[in-house]
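Visitor: I would like to learn how to read a sheet and its surroundings in a model like this one. Could we start with a pair of residues and work outwards?

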Amino acid sequence: MSFKQEAKRKFPKWPIYDDEEIKALISLIKSGNWWCGSPGIHQGKNVWAFQEEFAEFQEAKRCIAVFNGTVAIESALLALGIGLGDEVIVSDFTFVASASAVVATNAVPIFCDIDAESLVMNVNEIEKLITKRTKAIIPVHLGGNPVEMDRLMEIAKKYDLKVVEDCSHAHGSRYKGKRIGNWGDAGTFSFQASKVLTSGEGGAIICNSDDLADKIYSVSDCGRSKNQYFYKHFIYGTNYRMSEYQAAILRTQLKKFPAQHALRNENAKYFMDKLNEIDGIRVIKPTPGTTELGWYVYPIVYEPEKFRGISKAEFNKILNRFSVPTDDPYPPLHGLDCFKNIDLRKGIDYSNANWGGEKSNDKYFPVVCEIYSRCIEFPHEMLLASKKQLNNVVEFIKSLK
Ligand SMILES: Cc1ncc(COP(=O)(O)O)c(C=O)c1O
């Protein structure tokens, strides 16, 4: 079989599950405990157990499970006191939720350009964006690649800023020996369908302060407080609780994670080295100091002139036609219609933001725009394929020259 025919072989489909997930759901249904309740009352076992298991896996003191990764960011920001008129610095190269969660708190996201090699927030750009209104930073570990967290935390300390790490791509990543999510005040995760740990939808916040964890819990469970009367609502909060169904699946998926993570890491090294050897292809560079990488999506940047001038859309289409499941990465946030048009929330003044109207011009975000124009990404499940299949992809990309 030629490598072109071989390349047409299907890659593993995500999510991967077996009888364990089915048994977990049946057992939950039969138990009659269909919701997590509050501590000590109507308590379903899965959410509370998952919180402990995930905290242990991420090497954090506490974990609060919620129903998606967007409200995980929102809960952490609200518990940290971020609100009306505050500015929050966010990477410009991320899923919209990293910024829409800021908008949901009535604060204002401020977009930070990226580093051309690692594609994550360029920490050298942060200080230029700080104003009197800046209250927090949201570093996003894109594709699992850590932001330079030691430098970022120095800046946060200098200006007394809160830090919420968006770890939606970084389950299992580690920077300078410390698990991602433990550097800032809180780390938030998504368990949405495409993520390396998934229940279709789901989210969590980890942190190492009991006070903050209790506050995050209150925000996400109707303002309740741990072990207090059920109908006492101490602060403003809403219902962001994770469901027992989500947690039952996550607990089984978490058991499968270490073996998948190890295989992804082994194959990533093999695949990246081979891709890097192709003239005109550059793979994402792990941030110096990365000691473990989660490998969620992994972007590659190509030089069109070395590939007969084919556009990014064509490049993607050709690969997809040969069953190589590449995708377009996130469009930079400053150019999204919702930010260009400013009209996000009634009564909020966005006039000081570094986006909106003319300020959303690409020329103000040069690195991310240049990278985005030449960047495609592979999904993590490809890294669960055989080395032979990955090799076929490499040969196929070479044949496009
Ligand atoms: C970087 C990033 N942040 C936040 C989110 C939001 O997570 P969710 O879709 O679970 O709300 C996502 C999810 O796709 C994401 O990729």
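Guide: Let us begin with a bridge, bearing in mind that this is a predicted model: proline 299 has glutamate 377 in β13 as its bridge partner.

Visitor: In which sense do strand β12 and β13 pair, and over how many bridges?

Guide: In general, the strands of a sheet pair through backbone hydrogen bonds, and the pairing is either parallel or antiparallel. Here β12, which covers residues 298-302, pairs with β13 in the antiparallel sense, over four bridges.

Visitor: Which helix packs on the sheet and touches β10, β12 and β13?

Guide: Helix α10, made of residues 312-321, packs there and touches β10, β12 and β13, and its direction makes about 25° with that of β13. Helix α9, residues 244-276, also lies across β10, β12 and β13, and it runs at about 150° to β10.

Visitor: In what order do the three strands form the open sheet, and which are the edge strands?

Guide: The order is β10-β12-β13, with antiparallel pairing, and the sheet is open. The edge strands, each pairing on one side only, are β10 (281-283) and β13 (375-378). From one strand to the next, the twist averages 30°.

Visitor: Turning to the surface, is tyrosine 17 buried or exposed?

Guide: Tyrosine 17 counts as exposed because its relative accessibility is 56%, where the cut-off for exposed is over 50%. Tyrosine 17 sits in the loop between α1 (3-7) and α2 (19-31). Together with Ile22 and Ile26, Tyr17 forms a nonpolar surface patch that has about 310 Å² of accessible area.

Note on methods. Residues are numbered from 1 along each chain as its sequence is written. This is a predicted model: local features need pLDDT of at least 70, side-chain atom pairs count only at pLDDT 80 or more; totals for chains, interfaces and linings use all residues. Side-chain values use heavy atoms; hydrogens and water are left out. Two strands pair if DSSP finds at least two bridges between them. Helices (H or I, at least four residues) and strands (E, at least two) are DSSP runs, numbered from the N terminus. Axes are lines fitted to C-alpha atoms, for helices over the stretch in contact, and angles run from 0 to 180 degrees between N-to-C directions. Contact means heavy atoms within 4.5 Å. Patches are made of residues with over 30% relative accessible area and no salt bridge: like charges are joined within 9 Å, nonpolar side chains (Val, Leu, Ile, Met, Phe, Trp, Tyr) within 5 Å. Accessible areas come from the Shrake-Rupley method with a 1.4 Å probe; for residues, only the protein chains shown count as cover. A salt bridge is a side-chain nitrogen of Lys or Arg within 4 Å of a carboxyl oxygen of Asp or Glu. Buried means under 20% relative accessible area, exposed over 50%, partly exposed in between (1.4 Å probe, protein chains only).
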